[in-house]
Structures are given as structure tokens and as C-alpha cells.
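Welcome, and thank you for taking a look at this structure. Let us walk through it together, step by step.

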2 protein chains.
Amino acid sequence: MAEQEKEAALPSKASFSEWYNDILHKGEIMDVRYPVKGLYVWYPFGFNLRRNVYDLIRELLDKDHQETLFPLLIPENEFMKEAEHIKGFEDEVYWVTHGGMSPLDVKLALRPTSETAIYPMYKLWVRSHADLPLKLYQIVNTFRYETKHTRPLIRLREITSFKEAHTVHATWEDAAVQVDEAIRLYTEFYRKLAIPVLPSKRPDWDKFPGADYTIATDALMPDGKTLQVGTAHHLGDNFAKTFDIQYENPEGEQVYVHQTCYGISERSVAALISIHGDDKGLVIPPEVAPVQVVIIPIIFKEAADVLQACESVKGKLEAAGIRVKLDASDNRPGAKYYKWELKGVPVRLEIGPRDLKNNAAMMVRRDTGEKQQISLDNIRDEVLSMFSVIQDNLYEKAKQGLDQRIMECISLADIKENLSKGISKVFWCGDKDCGLRLEDEVGAGILGIPSPQESCRGKCVVCETDTDTKVYVARTY
Amino acid sequence: MAEQEKEAALPSKASFSEWYNDILHKGEIMDVRYPVKGLYVWYPFGFNLRRNVYDLIRELLDKDHQETLFPLLIPENEFMKEAEHIKGFEDEVYWVTHGGMSPLDVKLALRPTSETAIYPMYKLWVRSHADLPLKLYQIVNTFRYETKHTRPLIRLREITSFKEAHTVHATWEDAAVQVDEAIRLYTEFYRKLAIPVLPSKRPDWDKFPGADYTIATDALMPDGKTLQVGTAHHLGDNFAKTFDIQYENPEGEQVYVHQTCYGISERSVAALISIHGDDKGLVIPPEVAPVQVVIIPIIFKEAADVLQACESVKGKLEAAGIRVKLDASDNRPGAKYYKWELKGVPVRLEIGPRDLKNNAAMMVRRDTGEKQQISLDNIRDEVLSMFSVIQDNLYEKAKQGLDQRIMECISLADIKENLSKGISKVFWCGDKDCGLRLEDEVGAGILGIPSPQESCRGKCVVCETDTDTKVYVARTY
């Protein structure tokens, strides 16, 4: 897809918002020109990245979950059953009202999330304690009629890649353990994307509609705002009562189940792009890079030998399961470097006549730009070990960036001052009025109480009551 | 998911329609109890099969296509642009008219297929001859407001698994070659599902709305009806003109592109289940079976040795990438055989104390029921070679079944008589009136002209004009 406008330089990442919009296009992640607000198109390169990211989620979940697929359309009567849940979503639901030219008897909601599609079936599927725990997930498109400013991968009207898990347990305690397990899985998943995340228990007014409580994971974006990149909800027996999901316990009694649900969306891709990218473009962790290695032949006269050596290296790496691109196009090497740096390829190998004489290649890291000569004989091992070095470096760098931008604050003025830098950590008494006043006065949100909770003691930043609870406060996406 | 009704026996496959409905439930493929007509739920086992089937499609297409993802919602104005296309779909489209409580400014169609979502973007993406050919595909949910009788996997209101490819070419001829290539790919894909398909060029009145022509592949179902399981459409420059998709040719002129699209849906899974299954349940080809081998320990007293041997066999097979289940549950062996035969597992291994003494296992084929003793030493190779024997046998059996049920007919009475058995092959002059009269008189449809066309000469079965064209006629799903 040759597009002339690609020639213009990328804005500096210091102007994060412009950089983000531009990298999505120039890096061929998403095309924003689809003719409906809030709906975007995955470029093939972006979708390839998405595939790799979601393959990781599947791999993690498949260990003890099963994948399934429920319908998109939810009939109004089912959707309206859970009062709190519908209150949380009623302004955001797309409604299908017509089939062909005829009005439908029952309006159909496009799922904003699938509790009300799945739980009527769980009522049929769960009979006895032997059926529990039940752990299913699906990866689907979901819909929100967003009235706020939309943004690709972050705030969408069609979330194209919602991974939602729904589990059923015998007891409230079992479900609570599963919520922690979900957060552990998500932390592991984000570790593979080299992204450190902060889990916290959301305040009550910010929990999932219909849940007992919500634990969410946030990532810190370059502009100091946090992005919620995963949530896990303890549903108690609230939905079980609404949808009449009971099981027979070993004593022969019918009891309500306890449930959880937890989700991740393409915000995972947004975080990956935003946190690792730099002024030259994307920087993609080797685990998920669509192209992990690009080979650039440096050709003067004796092209044949060099190309042959490049092909041979390509074959060796591919045999080890590495995703390799040999760029033998007519462009100058400099233009090729520029292109593949923009695309975030973790490792570049340059092979020219002089390298060949030394039976070597020049290996260049995308994350630091460092070069080193490596022998062609053990190129596979050199590349694989470089992947793990890059993967660790990206994580450590992101972790440092996060740690440095979590500030302990002891006053509302403190918080305000720190808002543009990152996350504030403050004592809070737990009272809702104090919480809302805090949010209002600093113009930012309470993310929640760090999970697991830290042991500490101090005075609420609003009312100065003694408390053993700290919360994260930040501007959020 | 323990369900009591599973105990009832499966109806004989001779009553195909009842058998089909029952196997979907008992085999845990689809649950039909979702509270909206024409929408169904994939059981985890069924979805596992679906994953394997679609992984095959991806593998075939990824060789020279790229995967991508476009929005579900198509604005009314784009959807209405191509006159013939909209005529073909207007009675079947679901319309979103409301977001939250508010009516939308522009109605949004749920894609019945994605031409009108994708081609406005192709207009932006295609600039020069160097961009061509462009070959993209996506695997998505699509929607049809079916007023006819719906049926799981076959006639749906939400097609959950539509693989649609959309290609762009410089010339009409290049696009024609791609249509043939699509049919070749589909034939290869169905070969891996052990399903023989018949490609034929659809008559003009049955082509895709907006296409120059359509070639489709049909599978023959046990009840003698054909199921359309893949279609490839030559779109000419029809959509290019509507959506203004042009490229600059080497002479510097702006010319319209030529396009194709081709699709496969979960009907592929319906065909697989229907064609291979038997009175005992599913028979799944090893290529796509969620469980390829089940190991049943035959335990009397000395359980430990046997279980240890079973675990060891399981480990060996898994190391070779084989999907294995060891059923060490408390059920009797007979009950286990019944269960895993119902689930269509291609190979069963029984290991008891006597087998152990002989360093052997009993291997039982699901497709024929044949048993043979094999040595534990080369169990991996025995199993792998049995997979390929089963795969070939399933295909040959299905191919024979198909060949035997294609009848050459020389009169309308002939056709009528053969309808319940399968497909009739008759001479047809190519005239639309003759075609429609034929369809009307025999109460069946013209599938199309075999592709590639056979060399032959005879008299039209309706008007007795000389013709060199034969067509397939059949009752269709």
C-alpha cells in the first residue's frame, strides 16, 4: 500500500497524542479513515501484531479455560433482567430494531459485554457441584455507543478484540480466588508484552455494574495518564439470582453459584505501542513482533554471494521458528533501516561483502540502537538470546519509568502538581464523599487500592482521619 | 456439563434430520437453546473443532494472503451504493437504528458480507500497479435476517465464522485466475476435512449480487441434498466503478481495478459432521479432531502399572504434537468407549495388564471399528500412520458416496426419480427460461455447470436443442 504521505517525518513522542495518531497510520496498525466515527480498520501488519498478542492470551488461558462463542445479539428482555447491570450500560447500547424492512418483535442489543448472553445458558449447563468450576472465555467484538471523544484501540464504538472470561464457582471464596488468579494471569500476559501493570481494587462507585467488587490493572502512558488494560470482577451470586443459576451441592441442596468475569481488549495493543515506541517509530517486543528479524543485504558489486548468504541466514532462522524478512528490494540501505525501524522490528542483521569475509553479520538492536558483530556460525543462538535481552530491557525500562512516576503525596496540592507526571499515591479514609471530593478537587480519578494491599498507616488526604489505606490517583483515559 | 438427557440413544443416521439435531447436542457441538431464533451457542468442544478447522483455512491462505479486520457496522449510504448488491440483500439486513436512547443520524447495517465496508478503504489503499495484486481476508461474524427455517451451522441469523477474502487485480483475466485459485484452495481445504466437493459455475440468476460470475463448491449431504460450502465471485470492475477504486498503470493512466471475493463459513463444520458421522456419533478426521487419541486403561487389580504405562504413552504422543486424552475416570470401559465414539475421536488405545505383559496396546479405529495390537515401542509412528490411513479412508468413502450419487439423466422424469438419491447431471441449452422451467418442473435447483467444464454433446433436457453443456441439478439446503 504505497502511500505518499508516509514520507513525512513522525512527530516527536514528546507530543504523545500526535505521535500516537501518526504511528498508527505510518506503522500500519490502524486506518482511521473508515466512514463511521469510532470504528477503525486493522491494517494487515497491525492485525498480525494483534494475532500474536491474542495467541499469547489464548496460550495462557487454554491451560485451564476453554474457548467458546456466544451470539452477538441479546434480546431486550434478557438484557434488561439485571437492574444494576442495565443501568450501567443503557446509554451505551446499540439496538437492532429492524430485519430487512420489518420492525423486529423484540429489539436486539449488540453486546456491550456478554453476561446477559451467556448466563441464561449457564443456567442450563450447570447442574451439580461436579460441573464446577466452569471456566470459559471468548474473543469477540463488542459495542459501546461512546459519546465521548473516540480514539483508535483505546475508546471505540466497536471493540474488535474483547477477550472475556466467565467462570462459575461453588462458593464466594472460590470466586475471589479466581479474581486474584485472573489478575495474576493478566500480569503474566503483560509481562510478555514487556508492560508493567498496577493492579488495584476499584472504588465502589467505579466497579463493574452488578459486581461485588472489581480489580483492574492499569498501565501508565507516556503522557502521565493511566490506561485501564484489564479488569476482573467478582460477581458474587448477583447474576446467579437474576438468571437462576443453581447447582446441587454434595448434600443434595440447590444453591446459587458464584461467578467472576474478566476482560482484556485491544487496549493491550495500544499500551504496547505507546509505552515502547520512540521517535523513530514502533518498538515491538520480540514475543509478538510480526517481523522479529529483518535482514538487509549491503550490496556493492558482488551481489550474488551476499544475497546467497542472506538467504541462508534467513533459512536458518526460520527453521528455528523465527519470523524473518529479507529486504532485497532496490531501496538504499538507509531507506530500509528507516522503514523497518518504523515498523519496530526488534533485530536487524546487515550482511555485506566485508562481513561475509569475516563470516559475520552486524546485528543492530531496535530498542537501544546498539550494534555488534556476530558470527554466522551461531547466528540462531545469538539472535534468540538477543530476543530475551531485548524483552527484558524493554520491561525494565518500562518498569523504571513506571516506578519513577508513582509519587507519594500528602496533600491535594501535591497531587495536582504531580498529575502531569504520573500516578499519585495517597492515604484515603475509604469514605465515598471524601473520595468524590478528592476526585473533584484535583480533577483526576481514584484508580483504587493497590492489590494486594500494602501495610501502612497515615491520615486521609481529604479529611485527615487515621487510615491504613492508600489509593492510586491519576488522570485516566 | 453433566446433562441427564445425554443418556438417550442417538437416532439412526438414516433419519438424517433428527440425527443431525441430536448429534449437535450430544456431541457437544452447538447448543440450540439460545433465546433468539437462528442464533446458536458453540459448546467448548464444538468450538475446539471450529478452531482446528479455521486454523487450516488460515494456514492455506497465509501463504499469499494477509489477514485483516474491518468493522461490522456499515453506514446506510455506503451500503446502498451498489444497486444490484443491495437488491440482493435488502430483505435480509439487520439495521441498528438507536445508540442508547437516541436514534442514530445514519442507520447502520450489520454486515451480511463486507464488500461495502472494505471497498471504500481499498479506494484509499490502492494507488499504483505496484500495489496489485492485493489479497486480504478476515474471519468475522456476519448477519442475515433469515425468514426461512433456520438450522444450526447451516442457515443462521448470525454466521459466527465467515471467512471472506477480497482480492484486487490489474485485469479481468488476473481476477479470473484468482477465482480458479480460490476454488483450488477450497478443494484442498476440504480434502483436509476428507470432504470431496463439486465446483460448478452458478447460473446467472443464482450468482452473487453484483458479480460477473460465481463458482461455488457443493458437498453432498446424507439426505441427497447438496450444501453450498464455498463460493468464489468474479466481481469484474463493477464494485471498482461504484467505489471508484483505480490504479495508475505503468503507462501512467488511471484504470479501474478488477476484484474477486470468496467465502467459507461454519457450513464447513456442518458438512464434516454430516458426511462422516455414523449411528454411534461423530467421526472426526484426525487433521481437525479436538481429541485425536483417547487412551483407556483397562484396570482389574494392578492399576498402578497400567496407569503408569498409559501416562507414558500419553507423554510420548503429546511430545509428537498429538492431541491426547487419558480417560482415567471411574466409569466402566464400555461407557468410556461409548462416550469417546460419540465424540468422534479417531483412535482409541486400550491398555490393560495383558497388553502390558506383551509390551503392547490395542488400537481401535473410529472410522471402521477395526482393532489391531501394536507395540508400545513404536506407538508414535503407528498412531501417526493410522491417522493418515483414517484420513484417506474417510475421503475415499465420501468420494465413493458422492460418485455413486451423481446420476446422468436424460429426462425430467429421470431427474425427479433421482432427486432423493443425489445429484442429477443433465444437458441444458443455457437458456434461462429452460433453466427456470427445469427447476420448476422437477422441484429442485440447477447448481451450475461443472467447473472446469466437461467436453460433451447432447440435447437440452427441456427444449431438446443441441448443446455442449451439462449442469448439476439437486435439491439444496
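Strand 5 (residues 94–99) of chain A pairs with strand 5 (residues 94–99) of chain B in the antiparallel sense, over five bridges. Within this pairing, Tyr94(A) has Gly99(B) as its bridge partner. Please keep in mind that this is a predicted model.

**Around strand 5 of chain B**

Strand 5 of chain B also has a partner within its own chain: it pairs with strand 6 of chain B in the antiparallel sense, over four bridges.

**Where the chains meet**

How many residues does each chain bring to the contact? Chain B gives 60 residues and chain A gives 61 residues. Between them, the two chains bury about 5200 Å², and 64% of this is on carbon and sulfur atoms. On the chain B side, Tyr34(B), Leu69(B) and Trp125(B) lose the most area to chain A, together accounting for 13% of what that side buries.

There are also charged and polar links. Four salt bridges are counted between chain B and chain A, and 24 residue pairs are in polar contact across the interface. The side of chain B that touches chain A is made up of 36 nonpolar, eight polar and 16 charged residues.

Over all chains, the count comes to 65 salt bridges. Two examples are set out here.

| Salt bridge | N to O distance |
|---|---|
| Arg51(A) and Glu67(B) | 2.5 Å |
| Arg191(A) and Asp392(A) | 3.3 Å |

What does the pair Arg191(A) and Asp392(A) tie together? Arg191(A) lies in helix 6 (residues 172–192) of chain A and Asp392(A) lies in helix 12 (residues 379–404) of chain A, so the pair links parts that are 201 residues apart in sequence.

**Chain A as a whole**

Chain A has 14 helices and 25 strands. Its radius of gyration is 25 Å, close to the 23 Å that the globule rule gives for 477 residues, so chain A is as compact as a globular protein of that length. Along its principal axes, the C-alpha trace of chain A spans about 80 × 55 × 50 Å.

**A sheet in chain A**

Chain A holds an open sheet of eleven strands with mixed pairing, and the strand order is 3-7-8-14-11-10-9-22-25-21-20. Which strands stand at the edges? They are strand 3 (66–67) and strand 20 (406–408) of chain A; each has a single partner strand, so one side of each is left without a neighbour in the sheet.

For strand 3 of chain A, a pairing in the parallel sense is made with strand 7 (residues 134–143) of chain A, over two bridges. Glu67(A) has Tyr137(A), in strand 7 of chain A, as its bridge partner.

Terms used
Residues numbered from 1 in each chain as written. Chains lettered and ligands numbered in written order. Predicted model: local features only at pLDDT ≥ 70, side-chain atom pairs only at ≥ 80, totals over all residues. Heavy atoms only, no water. Contact = heavy atoms within 4.5 Å. Buried area = accessible area lost by both parts, 1.4 Å probe. Salt bridge = Lys/Arg side-chain N within 4 Å of Asp/Glu carboxyl O. Polar contact = N/O pair within 3.5 Å; in protein donor to acceptor, adjacent residues only side chain to side chain. Nonpolar A, V, L, I, M, F, W, Y, C, P; charged D, E, K, R; others polar. Pairing = 2+ DSSP bridges. Rg over C-alpha atoms; globule rule 2.2 N^0.38 Å.
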